Amino acid sequence: MNGVAGRLKAYFYRTDKAFVAVSLSNAGCRLEKYICFENCWQLEEESILSAAGGIYGQQEMVDFEAAVEQAAMEISRKGWQGIPLLYIVPDFEQMRYALSLPPGLTAVQQREAAYWELDDQLLAQGLSAENFACVCCMNDEAGGGCIITGVSKEYLRGIEEVFARAELDLADIVPAPGVLAYLSSSHRELAGFKKRPGTGFAAGRLLAVWLIFWLTAGIALLSADLFHYWQAESLAEKQQNELAMLAAEEREMQELTTMAANIAAREKKVQLLGQQGMPWYSFLVHLGVNTIPGVSLTGINASVDEHKLRLAGQAVNYDCLAEFVGRCEADKAFFMQGITLEDSTVNKGDGGEPDKVNFSVSVNWESENGQIPEKDSNMQ
């Protein structure tokens with residue numbers, strides 16, 4: 001199969017392209033390496049090991065475990081450890097006979113027919129089919145018949161144990177002399193005693209692809225989460241900057257509102273003082289002229305009940321305060337009612353600052369039309 005589908009199948013399906021066959025005889029151990037070249041199996045290399053332990057009889061094998069140990073060392077020396085290993089059952093360990101099967105049977109039906117035929121053959125010899133394993137190989141030369149081969153299960157278990165002790169993993173156990181027939185069989189799982197399929201999923205590759213898929217998905221999800229986190233961080237930073245700007249604007253608005261309220265309050269006080277009939281502008285001008293260096297006024301209070309103006313302020317010393325009061329008393333053009341010092345206290349300076357004299361003076365006053373103002377007014 002060509003194309004993408006064929007390449008995918010070739011990648012994900014395990015298809016063996018080489019086998020190493022092990023056979024034992026009274027001559028020793030024989031290793032044969034078979035390869036598949038252009039869909040045709042052929043012998044590529046062979047290695048014959050001498051008998052380990054001598055010949056014990058015409059039909060006796062060499063020391064089996066010693067021969068398998070030699071085979072393991074030879075396989076390691078040639079670097080064939082990764083190649084599937086086959087064991088060829090010798091002729092004298094198997095029962096073989098031909099069987100004619102009706103046409104149209106499936107592979108499973110052929111196997112069942114071979115098993116029951118083997119059962120009959122073994123019963124005729126006083127043996128039980130339960131103690132034997134059998135394989136059925138189609139024989140085209142026999143007109144569509146098959147060759148049934150039976151081998152003792154105990155023998156097969158012993159073979160696997162010996163190879164396992166030599167740290168060799170058998171891929172399958174094949175009846176002699178059918179190595180090429182086994183390799184070329186389209187139903188290889190029926191041609192060997194271990195029922196090993198000819199093809200199958202490449203578990204390692206499937207696991208690798210599966211891990212790569214989940215790793216890629218995990219990286220994609222992590223990248224998406226990091227991107228969303230970065231977006232959230234950027235949005236939060238932007239919103240915090242906007243909130244900081246709004247807070248600054250809010251503080252500025254509050255300051256402006258406070259200033260506007262203060263200005264409105266002062267304007268209201270000025271308007272109220274202007275409504276009381278006193279020439280405040282002239283009064284403030286006279287105060288400014290008479291206020292000397294070292295004296296500062298901090299408040300003006302107009303009292304309705306006592307018809308007085310009270311001035312509060314600070315002086316650096318009593319001499320300056322006396323000079324300020326004297327200049328006001330000398331200003332008969334405006335302070336015609338005189339000016340009276342009501343209170344004076346010395347305020348000690350903190351942190352090296354000079355002492356100051358806090359004072360308050362009063363001026364008798366009435367409006368020019370002789371009317372008393374309707375309410376008290378304060379100007380700070």
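This note walks through the main features of the structure in numbered points.

1. **Ground rules.** This is a predicted model, so local features need pLDDT of at least 70, side-chain atom pairs count only at pLDDT 80 or more, and totals for chains, interfaces and linings use all residues. Residues are numbered from 1 along each chain as its sequence is written, and side-chain values use heavy atoms, with hydrogens and water left out.

2. **Overall make-up.** The chain has eight helices and 15 strands. Both are DSSP runs numbered from the N terminus: helices are H or I with at least four residues, strands are E with at least two. Of the 380 residues, 33% count as buried. Buried means under 20% relative accessible area, exposed means over 50%, and partly exposed lies in between (1.4 Å probe, protein chains only). The chain exposes about 23,800 Å². Carbon and sulfur atoms supply 55% of that area. Accessible areas come from the Shrake-Rupley method with a 1.4 Å probe; for residues, only the protein chains shown count as cover.

3. **Contacts along the chain.** Take the contacts with a separation of 6 or more: residues 24 or more positions apart account for 60% of them. Contact means heavy atoms within 4.5 Å.

4. **The largest core.** The largest nonpolar core has 32 residues. Such a core is a set of buried Ala, Val, Leu, Ile, Met, Phe, Trp, Tyr and Cys residues joined through side-chain atoms within 4.5 Å. Elements giving two or more residues to this core include strand 2 (18-25), helix 2 (64-78) and helix 4 (153-165). Helix 2 gives the largest share, six residues. Y87 and F163 have the most contacts inside the core. Setting aside residues up to four places away in sequence, Y87 touches F163, and also V22, L24 and I159, among others.

5. **A second core and F335.** A second, separate core of 20 residues includes F283, I292, V325 and I339. F335 sits in the loop between helix 8 (318-330) and strand 13 (339-347). F335 is buried, at 0% relative accessible area. Beyond its neighbours within four places in sequence, F335 contacts residues including F283, H286 and V363. F335 and H286 are 49 residues apart in sequence, yet 9.0 Å apart in space, C-alpha to C-alpha.

6. **E32 and its partners.** E32 lies in strand 3 (residues 28-37). E32 is buried, at 14% relative accessible area. R30 forms a salt bridge with E32, with the closest N and O atoms 2.7 Å apart. A salt bridge is a side-chain nitrogen of Lys or Arg within 4 Å of a carboxyl oxygen of Asp or Glu. R30 is partly exposed, at 29%.

7. **Other salt bridges.** The whole structure holds nine salt bridges. E44 and K33 meet in one, at 3.2 Å from N to O. E44 lies in strand 4 (residues 40-50) and K33 in strand 3, so the pair ties together parts that are 11 residues apart in sequence. E160 forms another with K194. E160 is in helix 4 and K194 is in the loop between helix 5 (179-184) and strand 10 (199-201), 34 residues apart. Salt bridges that share partners also join E45, E74, R77 and K78 into one network.

8. **A surface patch.** L207, W210, L211, F213 and W214 form a nonpolar patch on the surface, with about 590 Å² of accessible area together. Patches are made of residues with over 30% relative accessible area and no salt bridge; like charges are joined within 9 Å, nonpolar side chains (Val, Leu, Ile, Met, Phe, Trp, Tyr) within 5 Å. F213 lies in helix 6 (residues 203-275). F213 is partly exposed, at 49%.
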